[in-house]
Amino acid sequence: MQQKTLFPPITGFDTLINPIAVKKELNTQYWSIRNISQSVDLSAWRSFLRDLPPDPYVESRFKRMSWLHILKDGNVQDMGECAMAQSGKYNDASTMANKNRYYQPLEKAFLDRTDVQAFVANWAKIWGIGVGEPILMQITGVRGHGHIDPLQGQGIHADGCTALSIVLLSRENVCGATNYLYNDKEGTQPIAKVVLNAGDTLHLCDDKLFHNVDRITQQFPHTPFERFVMIINSRFVDKLQNDELRKCFPNAVLYGDKRRDLDLQQLSIKRATR
Ligand SMILES: [Fe+2]
């Protein structure tokens, strides 16, 4: 059967985020940053922060997450429930490491938005993510008074995948929360430091470098601070996560799968014969 084009063109995004330039930067320096605020309705996205439930595992944090994949027609679909699982190799925080964590899913009204669908499809295109590969999409962040470590003990870390992007949704009444990139987990080889503002999207080859965020301090005393991000990642190298994904989604295409290699081969044959 003739397979449809893997990713139909989606208007609005390509010219604004320039995926060719992003890919080139990822290939050469393993990170890239763009602002997507002209391509999506960030204030509409921020309206979904109001109903974000508390993270049951981590104090003072709020979170939802869903597993998504791209269908053959290019649409983005929710795959259903599966735990988030990070081994201690990738997460130093005892509240999170080596346990299955379950969260409420992203709201359907959010996932059904045209700009959310376009964002995920274009994100997958940048990273070369194919049909059936699980994509973890989370909205998470902190809100409160005083100060807080937004990573809650993770420190300099990697997320245990190869493709990772962080979109800053909201940063209000915050001092600090600077993002740092390093070549090494010890932090002796710094690469870059950046403060993310609304719409800034940091793309990281997560298996090539390490990242960190420093402390948030409330800027003005009478209003709470808040900082929320959307994290989207795929192609996990963490065995704990891949084992869980395999249990939940027996037909999913996981990183390192022979099936994924076959799909990519078929795709390149089709491209070559066009
Ligand atoms: Fe991270």
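Before I start, one definition: when I say that residues pack together or touch, I mean that their C-beta atoms, placed from the backbone, lie within 7 Å. Thanks for coming, everyone. What you see above is a predicted model, so please hear everything as computed from that prediction.

Let's begin at helix 6, residues 239-248. Leu240, Gln241, Asn242 and Leu245 are buried there. And what do the buried residues of helix 6 pack against? Two strands: strand 4, at 84-85, and strand 15, at 225-236.

Is strand 6 mostly covered or mostly open? Mostly covered, with seven of its 10 residues buried.

Now for the nonpolar cores. The largest one has 46 residues, and Val120, Ala124, Ile135 and Met137 have the most contacts inside it. Elements giving two or more residues to this core include strand 2 (61-70), helix 5 (114-127), strand 6 (135-144) and strand 15. Which element gives the largest share? That is helix 5, with eight residues. Take Ala124 as an example: leaving aside residues up to four places away in sequence, Ala124 touches Ile70, Ile129 and Ile135. There is also a second, separate core of seven residues, and Val142, Val213, Ile216 and Phe225 are among them.

Next, a look at one residue, Thr162, in strand 8. Why is Thr162 called partly exposed? Because 19 other C-beta atoms lie within 10 Å of Thr162, and buried would take 20 or more. Beyond residues up to four places away in sequence, Thr162 touches Cys205, Asp206, Asp207, Arg235, Val237 and Tyr255. Thr162 and Lys208 sit 46 residues apart along the chain, yet their C-alpha atoms are 7.8 Å apart in space.

Last stop: an open sheet of three strands, in the order 7-14-9, with antiparallel pairing. Its edge strands are strand 7 (147-148) and strand 9 (174-176), each pairing on one side only. Strand 7 is joined to strand 14, residues 216-218, by two bridges, and His147 has Thr217 as its bridge partner in strand 14.

That's my tour, and I'm happy to go back to any part of it.

Definitions and conventions
Residues numbered from 1 in each chain as written. Predicted model: local features only at pLDDT ≥ 70, side-chain atom pairs only at ≥ 80, totals over all residues. Buried ≥ 20, exposed ≤ 12 C-beta atoms within 10 Å, placed from the backbone. Helix = DSSP H or I, 4+ residues; strand = E, 2+ residues; numbered from the N terminus. Pairing = 2+ DSSP bridges. Core = buried A, V, L, I, M, F, W, Y, C linked by C-beta atoms within 7 Å.
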